[in-house]
Amino acid sequence: MPLTARFSCFNDYDPDALSVEQARTFIRSQLTPLQTQERLALRSALGRILASDVIAPANVPAHDNSAMDGYALRHADLSSSGETRLRVAGTALAGQAFAGSMATGECVRIMTGAPLPVGSDVVVMQEVVEVAGDRVVIPPGQRCGQNIRRAGEDLAAGQAALTAGRLIRPAELGLIASLGCAEVSVYRRLRVAFFSTGDELCSIGTPLGCGEVYDSNRYTLFGMLRRMGCEIFDLGVVGDDPMLLDATFRQAAAAADVVISSGGVSVGEADFVKPLMTQLGEVLFWKIAMKPGRPMAFGRITAAGVGGEEGASAWLFGLPGNPVAVMVTFYAFVRDALYLLMGADPLPVVPLLPAWCSVALKKSPGRTEYQRGILSHAQGQWCVRPTGAQGSGILRSMSEANCFIVLEQDRGSVAAGETVSVQVFDGLV
């Protein structure tokens, strides 16, 4: 079914007035994760997506052990009404179990992680006991089973420690290593090609001509894609030439799973950019109720007739040309789409958090706004203020910010002291 027919089934579909959530929902509904897998050494898998479950080959922990430094003993040896005096029969260390046996009225000095001596069912923390030679005095109130980690408590043998779709972060690396696994199966890297369009753009290292500006979008896209672990193809700056644009779109679709272009989707742009996108596949052009980043294209294009696999196709995201709008639309739409294609389940989410706004913000209802803000902690609460001028061409507003101030579509202006939602960059960017 054509994309236009699929999306027309959505309630209140209007390509000239689409909400952020409508666009997100539709994009996600069209994408299917990659299936190609590869086997990697554990350290090489950081930032990748697991393609198969990681199964625990043995119990974790492998044996009953102490959760802290103290004394292991039998609960039955403790007095029910007062202190108990026990003889210390030996010591158990992590990696070196107590080799003897505990008689009635004895205990064992034990360190964190050491296997429990046979017969013991309580560990008393060392801070509460009194030591007198080879004797210790145990205060009343100790519970059977306290301060003990049981075999298989974290993971039972045969249980899935991690399921397919998990993003491998440092904690996942450590967990997999704790199971003794040297390799894991991951999905292959997502291939993403990107380029900028416009005769006014100049590559860095080249003197600016009259009316030219340096292209920054390819560098922000490079950074965002590299941070996500994509295999990237930078196709440079493409001028407003129909033949060059056609060849670049086809080259990108032949090489990549996803194509990202910046510029050429706004009203007033060169007339041939939109028709070219449409000729190469099926592309929807949207005006999204958001600021910045209103114009955007989404669809699928083909590389038929150009080298590589005949008929190879790729998903297309046509982003606005303004630098801040490129970053906002990438994080609002493209980031989740790429993670979905990578096989991530669940998608890595950066939540919206409440913060006190220290200044008044102007806004008209009818669109979602992403203002760049500086989040700080003052007087026992989180507060936020904008970075200053919020124009979509002012990239400095992103560099100085550490969060987005996300103002909901139906919300109007914000008075100083009101609560707003913020999305912190740490974890997003």
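Which helices each supply at least two residues of the lining of the second largest cavity? In this predicted model, they are α2 and α7. The model is a prediction, with local features needing pLDDT of at least 70 and side-chain atom pairs counted only at pLDDT 80 or more, while totals for chains, interfaces and linings use all residues. Residues are numbered from 1 along each chain as its sequence is written, and side-chain values use heavy atoms, with hydrogens and water left out.

Helices (H or I, at least four residues) and strands (E, at least two) are DSSP runs, numbered from the N terminus. On a 1 Å grid over the protein atoms alone, a cavity is a set of points where a 1.4 Å probe fits but cannot get out, whereas a pocket is an open set with protein on both sides within 12 Å along at least five of seven lines; lining residues have an atom within 4 Å of a point. Grid points are joined across faces, edges and corners, and a volume is the space filled by probe spheres set on the points.

The domain assignment divides the chain into domain 1 (3-36 + 188-342), domain 2 (38-60 + 153-187), domain 3 (65-149) and domain 4 (352-424). These bounds come from an automatic or database domain assignment. Taken over C-alpha atoms, the centres of domain 2 and domain 4 are separated by 38 Å.

Two cavities of 30 Å³ or more are found in the structure. The largest cavity has a volume of about 70 Å³, and its lining is made up of Gly47, Arg48, Ile49, Tyr187, Arg188, Arg189, Leu190, Met228, Gly229 and Met342. Since domain 1 and domain 2 both give residues to this lining, the largest cavity lies between them. By class, the lining holds five nonpolar, two polar and three charged residues. Here Ala, Val, Leu, Ile, Met, Phe, Trp, Tyr, Cys and Pro count as nonpolar, Asp, Glu, Lys and Arg as charged, and the others, Gly among them, as polar.

Attention now turns to the pockets. The largest pocket holds about 480 Å³ of space. Its lining counts 35 residues, and Pro320, Gly321, Asn322, Ala325 and Ser392 lie nearest its centre. At least two lining residues come from each of β15 (213-214), β19 (290-291), α7 (323-342) and β23 (368-378), and β23 gives the most, with four residues. The lining of the largest pocket divides into twelve nonpolar, 15 polar and eight charged residues. Domain 1 and domain 4 each give this lining at least three residues.

The second largest pocket has a volume of about 400 Å³. Among the 22 residues that line it, Glu21, Arg24, Leu352, Tyr370 and Gln423 are closest to its centre. Helices α2 (20-30) and α7, together with strands β23 and β26 (419-424), each supply at least two of the lining residues. Eleven residues of this lining are nonpolar, five polar and six charged. Domain 1 and domain 4 again each contribute at least three residues to the lining of the second largest pocket.

In α7, 20 of the 20 residues are buried (under 20% relative accessible area, with exposed meaning over 50% and partly exposed in between; 1.4 Å probe, protein chains only). The helix is therefore largely enclosed by the rest of the structure. At phenylalanine 330, α7 bends by about 45°, where the bend is the angle between axes fitted to the seven residues ending at a residue and the seven starting there. Glycine 343 follows α7 and has a positive phi, near 100°.

Finally, the cysteines can be considered. The structure holds zero disulfides, a disulfide being a pair of cysteine sulfur atoms within 2.5 Å. For cysteine 144, the nearest cysteine sulfur is that of cysteine 107, 16 Å away. Cysteine 144 is partly exposed, at a relative accessible area of 48%. For cysteine 210, the nearest cysteine sulfur belongs to cysteine 202, 13 Å away. Cysteine 210 counts as exposed, at 86% relative accessibility.
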